[in-house]
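Hi,

Here is the structure I promised to pass on. Please open it alongside the notes below.

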Amino acid sequence: MLNSKLLFALVLLLSTYNCFTQTTVCNYTLSGKVIDEHDKTPLMFATVYIKELERGSVSDDKGNYKIENLCKGTYTLIVSHLGCHPITETITLTKSVEHHFYPEHHTEELKEFTLQEKGYEEEISVAKKELSVKELNQSRGESLGESLKTITGVTSLNTGNSISKPVIHGLHSDRVLILNNGIRQEGQQWGNEHAPEIDPYIADKLSVIKGADGIRYGANAIAGVVLVEPRALRDSSGMNGELNLAGASNGRLGVSSATLDGNIGKLKGLSWRLQGTLKRSGNVTTPNYYLKNTGLKEYNFSWALGFNKEKYGIEFFYSQFNTDIGIFSAAHIGNLTDFKRAIDADEPLESANFTYEINRPFQHIEHELFKVKAYWLTGDIGKLNFIYARQYNLREEYDKHLPRNDSLAALNLPELQFEITTHLGELSWKQNRKGAFNTQIGVATINQANTFEGREFIPAFIKYGTGIFLIEKWRSDDFKLELETGLRYDYIYQQVYKWNSKEREYNSYDYTYNNISGSVGAIYKPNDKLTTRVNFGMAWRPPNVSELFSDGLHHGAAAVEYGDTNLIAEKAYNTILAVDYVNKGFLLQVEGYYNHISNFIYLKPTIPATLTIRGAFPTFNYTQVDAALTGVDLKMSYQFVNHLTWTGKTSFLNAYNLTANEWLVGMPANRFENILEYKLPKLKKLRDVYLEAGIQSVLKQDHIPANSDYSPPPNAYNLLSAGLGFGIPLAKKQELIVDFKIKNLLNTAYRDYLNRFRYYADEMGRNYTLKLKLIF
């Protein structure tokens, strides 16, 4: 018993002594720097690891490391850093030591790899249609209207070769909202030959949306919303940019555009962007003749500045668009006899050769956009956004002939001049998804004033508007079912000032409109392969001032147009059903729609033509009827073997005048497109190599009333195309992307029903295009 107690006391004493001695000697520190052996720069994120203790430290941005609470002893240290050979050293500690390591740094070329992870994506009940990166690169140098034609269901309304407006399911102009960098584009968009004043090179994405997400932008979104979205500003220190060059043989087109992005590291969160474009082309040619006075010149620039933090931020954006567009002079005809001859002739009455010179008639357009956007995180529940924008638009239209008065002719003034200034504001709050629900609410305002000089084609006016909106989305726990609804109320007041020549004073006309836009939709995804969508929407728009008051010759359209002050607001009820199916190289997208529009407003050809002191022109009257638009868009893609893919697109549309019980004029013809593409991810030093051939078939537009136009619809046509492209890796983080294409490969002579100048001339002939994009 005594021996046991003595043994226990001895063990306790030794243990206490051992703990004491350990406590007194385990307070040493090993610290120092990790430094590149070659250039003596500190290395951050280097690992200093003690093998025996299985612990260590990581160096900071100045190369410093520290390992504390070390005991006396000998240790093996392993130092490693990305791109360096590991260092192994043995150190004996008898006190705290400062020791530096000098690994030898090498530049290593890493093998390319792809990391993919499927995350949840917000769905919408009408699929967002977006240009792919390849399609966007191929469209560089073209107008916005031409670029969007790649999307199934989108065509274009053209006035000659250089003026193009997007047409979505047969609807255009004031029925298509265009958002330029989040701002509703406001200019003189009422005119058929008034193309969007937007430089497509600004865009990193081009897409079309409908449904609840389109409701938030207000009245006029009957056909949908076109999004022109630039890429986000840089969020890390450094600079990057791209240089785009484009050329085309037809018209001898040349385009150059450059973008430069930067982030100032010393001022964390401060980013900037500069962008500019120059564009010039001359007279284009059909397969058989040049089109006189069809050149254009364009110069645009923009800048952006942003200061963004985790919880708040502000961005500024400014853009300016400037262009001179020649109007096909053979569309301005002197008398009724020549007008009839011009329509019956196979070639224009005026011949031409190639020139870059732009003469009368022509348009001069300027457009400015200034935007301020700010956000503030409201805790963890959502985000508050504020937007203010100012737009200024100047449009000048010059007649073919100078005034007969010599003093007026010397001034070389436009016959029509419009100036419109628009102020837009929006305050919105978006909730972070909470469980199954996601909410977005907001209020928007518009203040607009339009003035004119010269002849009064449309009068001066002011417009005020306010709208409030609510968007709610819900999804099931298994993500298979989603529901969405959107609601917006708009109030619009418009006052028009029209000159009364008899009384020598202005008469005032007041118009007040208010209505609700709404959308209800559902998305069902039983599996990863199949998605079904259904959406019902109601939209409206008030008649614009041109539809109410147009009076006389519209020079840019080479037409006489008359408005009707008795027109009332349009109301549309649209139902869309869609199915998407993807499985092992096979893609199927089908979208069917029925759009019933009460009080549909359109330009109706009125025969005979009108003879004015400026010449003879086709005449159109704004008319209002009930209409039904029914259509189907189909896209199918199938990969036959490795690298070889076929893609087919089809768009069918029937537009019916329910009031007169006849077809509706001015609608796009049905069309098909087939593309065969051979693609290689890598070919020697080239990557993303593709070869493609395509054929577009457009049917004759037979669905029009008999004898309802000055000329019957043109015949059906087929256009062949071919192209190739590839990327060339250059220096570090630099790449040259090359796209070459031949349009109208067989140089086919044809006319398109949606070109206002189809009365007088064919479309463009064969065209070789080359696009270069340098990313640095």
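**Glutamine 701**

Glutamine 701 has a relative accessibility of 8%, so this residue counts as buried. Keep in mind that the model is predicted.

Glutamine 701 sits in a loop, between β36 (686-698) and β37 (717-729). Its side chain makes two backbone approaches. One is to the backbone oxygen of proline 668, at 3.2 Å. Another is to the backbone nitrogen of histidine 703, at 3.1 Å. Beyond residues up to four places away in sequence, glutamine 701 touches Met667, Pro668, Ala669, Pro713 and Tyr753.

**Serine 598**

Serine 598 belongs to strand β31 (residues 586-612). Its relative accessibility is 17%; the cut-off for buried is under 20%, so serine 598 counts as buried. Setting aside neighbours within four places in sequence, its contacts are Ala569, Glu570, Lys571, Tyr573, Val625 and Asp626. For a distance check, take glutamate 142, which is 456 residues from serine 598 along the chain. Their C-alpha atoms are separated by 35 Å.

**A four-stranded sheet**

There is also an open sheet of four strands. The order is β3-β2-β5-β6, with antiparallel pairing. β3 (55-58) and β6 (87-93) are the edge strands, and each pairs on one side only. From one strand to the next, the twist averages 25°.

Strand β2 (residues 47-50) pairs with β3 over four bridges, in the antiparallel sense. Within that pairing, threonine 47 has valine 58 of β3 as its bridge partner.

Best wishes

Terms used. Residues numbered from 1 in each chain as written. Predicted model: local features only at pLDDT ≥ 70, side-chain atom pairs only at ≥ 80, totals over all residues. Heavy atoms only, no water. Helix = DSSP H or I, 4+ residues; strand = E, 2+ residues; numbered from the N terminus. Buried < 20%, exposed > 50% of the residue type's maximum accessible area, 1.4 Å probe, protein only. Polar contact = N/O pair within 3.5 Å; in protein donor to acceptor, adjacent residues only side chain to side chain. Contact = heavy atoms within 4.5 Å. Pairing = 2+ DSSP bridges. Axes fitted to C-alpha atoms, helices over the stretch in contact; angles between N-to-C directions.
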